[in-house]
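Hi,

Here is the structure I said I'd pass on. Have a look around first, then read my notes below.

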Amino acid sequence: MPADDEDMETRLSAGEVIEPPTSFVEQANVSQQTVYEEFATEWPECWARAGDRLDWETEYERVLNGGDPPYRWFEGGRLNACYNCLDRHLGAGRKNKVALKWEGRLGESRSYTYLELYREVNEFAAALRELGVEEDDVVTLYMPMIPELPIAMLACARIGAPHSVVFAGFAADALAMRMDSSGSQYLVTCDGYYRRGAPVHQKNKADNARIKLNHDVDATVVVDRLGDDTPLDANEYSYRDLLAAHRGAEVDPVPRDADDMLFLIYTSGTTGEPTGVRHTTGGYLAHVLWTSHAVLDIKPEDTHWCSADIGWITGHSYIVYGPLALGTTTMLYEGAPDHPEKDRVWELIDRNAVDVFYTAPTAIRTFMKWGEEYPQQHDLSSLRLLGTVGEPINPRAWKWYYKHIGNESCPVVDTWWQTETGGMVVSTVPGVDAMKPGSAGRPLPGIGAEVVDGQGNPVEPGEAGYLVLTKPWPGMPLAMVEAEDWFDSRRPSRPALDDFDWAYFSEDSAAVDEDGYFTLLGRVDDVINVAGHRFGTMEIESAIANVEGVAEAAVVSGPHDLKGQGVYAYVCTADGYSEAELRDHIDDAIETAIGRIAVPDAVVFTPDLPKTRSGKIMRRLLESVARGEELGDMSALRNPEVVGELESAVEGEN
Ligand code: WT7
């Protein structure tokens with residue numbers, strides 16, 4: 001049965017309540033029951049608890065300016081994110097503590113102490129400066145999970161140049177679109193990397209992207225990952241040579257205003273092209289530091305492993321900025337979870353004595369399918385806390401994780417947030433709250449979130465509604481900070497919500513229970529969440545529509561037992577084209593335009609798409625067909641005869 005349907009019922013009914021283990025509570029960073037109340041009564045000053053954990057070059061004057069937009073967090077404050085992640089730990093007795101532990105794809109590993117990381121980041125910052133990078137210039141980073149990626153991020157942060165990390169698996173077109181959109185003139189990439197034993201030529205993709213760009217790239221830095229000394233052209237520089245040329249260099253961290261941009265990251269929305277979400281320096285860093293402390297319970301002496309890719313926001317916030325701001329050891333894993341064996345993840349936790357493990361429900365369902373014999377081969381007793389993020393977790397997977405990985409002695413935090421929120425906003429506080437498998441929890445202390453109906457009124461317990469954030473939060477993106485009023489920056493797409501005079505609409509639906517716990521029910525826009533990654537159906541549709549022989553295409557989410565949701569494409573062919581041939585071309589087209597991760601799980605060929613009388617494709621109907629659900633009212637349909645054909649075509653696919 002598809003995982004997200006599996007126990008939707010159980011997720012919504014009053015399920016089990018599990019108290020956090022006493023042994024955990026006793027040592028938790030946050031364990032006072034009063035924390036919610038204190039944050040509520042002291043709001044917004046409560047967020048000083050986060051802000052005051054940062055080192056400011058110039059102290060901020062106010063936690064949040066005034067009651068009206070534009071909202072500025074930590075107004076008047078100046079700070080440098082790299083300083084907060086590195087320099088300040090050197091003096092705190094942590095200079096020889098491991099900051100970054102890298103486990104490579106070929107079984108190699110590398111550790112950087114805080115001092116070593118500081119040195120390399122400084123050398124690379126000096127190199128970037130010499131290449132011409134100035135404050136506020138956007139530097140694009142297109143690298144897999146190698147240490148040079150966080151090093152380059154921190155080097156950019158040091159000189160006040162926002163980074164734009166592009167997921168290494170994205171195609172040349174996707175990279176070009178992002179560089180064009182941000183006007184980025186600097187690129188850091190690598191020659192290639194290994195994927196399932198075979199080299200992927202990353203630099204070829206970067207070269208193709210540069211050809212497609214509408215502007216010149218001033219400098220491209222190439223990290224040698226394959227060890228094959230790729231020949232370099234004009235304006236291309238070897239990372240290794242640059243470091244050698246700047247050996248021992250130190251660069252003063254550039255103080256940034258609290259609301260100066262730290263980075264931007266592209267994410268899919270309802271429009272055809274991904275949009276850049278810009279995050280601030282002070283608010284964002286305070287938010288991810290605080291949630292790493294309060295929710296992930298990270299301590300400086302810990303080894304923390306977040307298994308996300310740095311190409312997504314999760315990696316930015318909970319591999320790089322949050323853990324390093326706390327001075328902990330953060331792990332970076334380049335490989336696959338089943339290579340060389342299916343016990344790889346548990347072997348890494350065992351060998352590195354990992355304290356906190358943060359992963360996605362998709363991964364947990366995969367581990368569950370492989371079986372508990374793999375974790376049983378290892379000593380996982382170093383683990384203290386487990387986390388999940390990216391999509392709803394079904395109670396069965398939750399309980400498996402709790403039992404077989406956490407030995408029923410580690411709390412599980414199911415953290416709901418988005419690229420736009422910068423950091424976690426809904427979750428349990430593990431030292432305070434009871435857990436309910438399948439339900440994320442309440443809005444975190446200091447966060448205003450509600451589930452409302454189409455008129456903006458809170459829904460009754462058990463009913464579904466729209467998840468909205470009703471107060472500004474420190475990690476909110478720059479678009480909202482800059483907007484004259486919030487409302488303009490993020491006008492809810494449900495017209496009735498226009499009356500809600502202050503809310504950020506998340507595009508997720510949820511239900512709330514009697515205790516105020518949120519159960520997430522999925523997106524309400526045209527975004528699908530595949531294995532915790534966001535894709536706009538429009539992006540995939542336009543890639544398919546470009547294939548010769550395709551007359552029309554519609555993309556929706558469908559069931560997938562591991563990924564939660566899969567990509568289902570319904571395709572009408574033009575006369576004279578064979579379906580088998582088209583299927584290959586469709587996959588290739590998506591791989592070229594976006595990347596392999598967006599290739600459909602099912603392609604359903606159909607003579608026609610269901611359309612309303614006004615000619616709009618009925619995507620909801622296509623979703624129901626993919627799920628084998630009751631189809632409900634079809635009176636709006638112009639061509640109801642197509643439905644039967646669709647149903648049998650989907651059956652043929654499954
Ligand atoms: C979308 C945001 C947040 C980092 C990873 C994804 C879904 C995220 C949960 C969760 C249910 C979740 C939502 C959200 N989502 N976490 N714990 N339970 N759904 O970031 O790519 O911006 O995607 O992921 O649908 O809107 P993103």
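This is a predicted model: local features need pLDDT of at least 70, side-chain atom pairs count only at pLDDT 80 or more; totals for chains, interfaces and linings use all residues.

**What I found**

Residue numbers start from 1 along each chain, as its sequence is written.

On the H6 side, the contact includes Cys-82, Leu-86 and Arg-94, while H7 brings residues including Tyr-114, Leu-117 and Val-121 (two residues are in contact if their C-beta atoms, placed from the backbone, lie within 7 Å). Sorted by class, that contact has eight nonpolar, one polar and two charged residues (Ala, Val, Leu, Ile, Met, Phe, Trp, Tyr, Cys and Pro count as nonpolar, Asp, Glu, Lys and Arg as charged, and the others, Gly among them, as polar).

Next come helix H12 (residues 282-294) and H13, whose axes come within 8 Å and cross at roughly 80°. That angle is why H12 counts as roughly perpendicular to H13. Among the residues that meet here are Leu-285, Val-288 and His-293 in H12, and Tyr-318, Tyr-321 and Leu-326 in H13. The tally for this contact is eight nonpolar, five polar and no charged residues.

What about helix H20 (residues 537-545) and helix H21 (residues 579-593)? Their axes come within 8 Å and cross at roughly 125°, so H20 and H21 are oblique to each other. The crossing of H20 and H21 is right-handed. Ile-540, Ala-543 and Ile-544 of H20 meet Ile-586, Ala-589, Ile-590 and Ala-593 of H21. Here the classes come out as seven nonpolar, no polar and no charged.

**The ligand and the domains**

Which residues come nearest to the ligand? Of the 21 around it, they are Trp-416, Gln-418, Thr-419, Leu-520 and Arg-534 (a residue is near a molecule or strand if its C-beta atom, placed from the backbone, lies within 6 Å of it). Two or more shell residues come from each of helix H13 (313-326), strand S20 (412-415), strand S23 (504-512) and strand S24 (518-523). By class, the shell has seven nonpolar, nine polar and five charged residues.

The domain assignment gives domain 1 (109-266) and domain 2 (526-653) (such bounds come from an automatic or database assignment). Their C-alpha centres lie 36 Å apart. Five residues from domain 1 and seven from domain 2 make the contact. The domain 1 side splits into three nonpolar, one polar and one charged.

Most residues other than glycine have a negative phi, and most peptide bonds are trans. Now look at Trp-43 and Pro-44, which are joined by a cis peptide bond with omega about 0°. Pro-44 sits in the loop between helix H4 (35-42) and helix H5 (48-51). Another cis peptide bond joins His-339 and Pro-340, with omega about 5°. You'll find Pro-340 in the loop between strand S17 (329-333) and helix H14 (344-352). Finally, Asp-136 is not a glycine, yet its phi is positive, about 75°. Asp-136 is in the loop between H7 and strand S6 (139-142).

Cheers

Technical notes
Helices (H or I, at least four residues) and strands (E, at least two) are DSSP runs, numbered from the N terminus. Axes are lines fitted to C-alpha atoms, for helices over the stretch in contact, and angles run from 0 to 180 degrees between N-to-C directions. Angles under 35 degrees count as roughly parallel, over 145 as roughly antiparallel, 65 to 115 as roughly perpendicular and the rest as oblique. A crossing is left-handed if the near helix is turned anticlockwise from the far one by less than a right angle, and right-handed if clockwise.
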